[in-house]
Amino acid sequence: METVTTIRAFQIARRTLKGSVGFVPTMGYLHEGHLSLARLAHTSCDAVVASIFVNPTQFAPTEDLAAYPRNLERDLALLESEGVELVLAPTSNEEFYPADYNTWVDVLGITQRLEGASRPTHFRGVATIVAKLFNVVQPQRAFFGQKDAQQALVIRRLVRDLNFPIELVLGPTIRESDGLAMSSRNAYLTPQQRAAAPVLRRCLDHVEALYDQGERHAETLRSEMTKILQAEPLALPDYVSVADLEAMEELEMVTDKALVSLAVRVGKTRLIDNTILPRGQGLF
Ligand code: AMP
């Protein structure tokens, strides 16, 4: 595995990769969710590239950029054990955002809702860094997790609208044994908060069960999730949503595929999770 810290060095190393390239962008502090994407990439690509970059532009000034967990040495060992061929891990933010940086990618519409409503500048940062990474890495396929479902839909829009010749592949959400979706941010949780955190998965399990029993009123599904969250004193809901997959608007009735998602604060940590109805359907 080769690790490079500059775009220039990456471009030189990229030329030595033969065949199709799969790309797994990450912000590091890797867990099984990230590694599952590297593994998935190897099933359809000749070589796998990963990036490790805590992208400052997707964090609001009040958010956890400075505190975001980092462990580059461990991350590189994990990627090497997965057989990843090339890693781009810039050591300075100026590599992607020099002092005179002035171009932004704004996906309109779906970025205003859910995560975008709570974090108004977040998706502009995500779309900008993903577009820049796609230009630098030039992969044939790029791999993202369903854990960040709205992000995946934003990137699909970006790829279509800006004609990136890249196939997007989505991997399933990887969970801890008690159902908590793996996330680098889980490291922030105290033991007591960690014990409360599976409440997100419990909400989704309940919605899936109600749907299986024939419940199609979206408001009932949303209020059932709220009830479960209210019973968990350490959980402070940000949103619960049952939305369509195109405009991400709240539904009245679930008649087609729907994205059930929620964001919850447990202490200072903001956790997200989602499922697609009908159960087992893919996001795209
Ligand atoms: P991050 O490092 O959090 O920006 O995530 C990098 C990629 O890993 C994104 O495509 C995420 O959706 C994906 N990812 C994060 N957590 C999980 C998980 N628990 N299961 C599957 N994919 C994940």
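This is a predicted model: local features need pLDDT of at least 70, side-chain atom pairs count only at pLDDT 80 or more; totals for chains, interfaces and linings use all residues.

Buried means under 20% relative accessible area, with exposed over 50% and partly exposed in between.

A: Start with E2 itself. Strand E2 covers residues 21–26. It is mostly covered, and 6 of its 6 residues are buried.

Take the side chains next. In a regular strand the side chains alternate between the two faces of the sheet. In E2, Val21, Phe23 and Pro25 point one way. Gly22, Val24 and Thr26 point the other way. Both sets are buried.

Now the partner strand. E2 and E3 run parallel and are joined by 6 bridges. Strand E3 spans residues 47–52.

Step back to the whole sheet. E2 belongs to an open sheet of 6 strands with parallel pairing. The order is E1-E4-E3-E2-E5-E6. Read along that order and E2 sits between E3 and E5. The edges are strand E1 (2–4) and strand E6 (167–171), each of which pairs on one side only. From one strand to the next, the twist averages 25°.

Helix H5 (residues 122–137) touches E2, E3, E4, E5 and E6. Its direction makes about 145° with that of E2. Strand E5, one of the strands it touches, covers residues 141–145. Helix H6, residues 149–161, lies across E5 and E6. H6 runs at about 170° to E6.

Next, a pocket. The second largest pocket holds about 260 Å³ of space. Its lining has 17 residues. Ile52, Phe53, Val54, Arg70 and Pro90 lie nearest its centre. By type, the lining divides into 10 nonpolar, 5 polar and 2 charged residues.

For contrast, look at the other sheet. This open sheet has 3 strands in the order E7-E8-E9, with antiparallel pairing. Strand E7 (235–244) and strand E9 (269–277) stand at its edges. Each has a single partner strand, so one side of each is left without a neighbour in the sheet. Neighbouring strands here are turned by 15° against each other on average, direction ignored.

Strand E8 (residues 258–266) runs antiparallel to E9, and 9 bridges join the two. Valine 266 has threonine 269 in E9 as its bridge partner. Helix H9, residues 218–230, packs on the sheet and touches E7, E8 and E9. The direction of H9 makes about 165° with that of E7.

Aspartate 238 lies in strand E7. Its relative accessibility is 32%, so it counts as partly exposed. Leaving out residues up to four places away in sequence, aspartate 238 touches Ser118, Ala263, Val264, Arg265 and Arg270. Aspartate 256 is 18 residues from aspartate 238 in sequence, and the two are 25 Å apart in space, C-alpha to C-alpha.

Back to the starting point. E2 has 6 of its 6 residues buried, and H5 is a helix that touches it.

Technical notes:
Residues are numbered from 1 along each chain as its sequence is written. Side-chain values use heavy atoms; hydrogens and water are left out. Two strands pair if DSSP finds at least two bridges between them. Helices (H or I, at least four residues) and strands (E, at least two) are DSSP runs, numbered from the N terminus. Axes are lines fitted to C-alpha atoms, for helices over the stretch in contact, and angles run from 0 to 180 degrees between N-to-C directions. Contact means heavy atoms within 4.5 Å. On a 1 Å grid over the protein atoms alone, a cavity is a set of points where a 1.4 Å probe fits but cannot get out, and a pocket is an open set with protein on both sides within 12 Å along at least five of seven lines; lining residues have an atom within 4 Å of a point. Grid points are joined across faces, edges and corners, and a volume is the space filled by probe spheres set on the points. Ala, Val, Leu, Ile, Met, Phe, Trp, Tyr, Cys and Pro count as nonpolar, Asp, Glu, Lys and Arg as charged, and the others, Gly among them, as polar. Buried means under 20% relative accessible area, exposed over 50%, partly exposed in between (1.4 Å probe, protein chains only).
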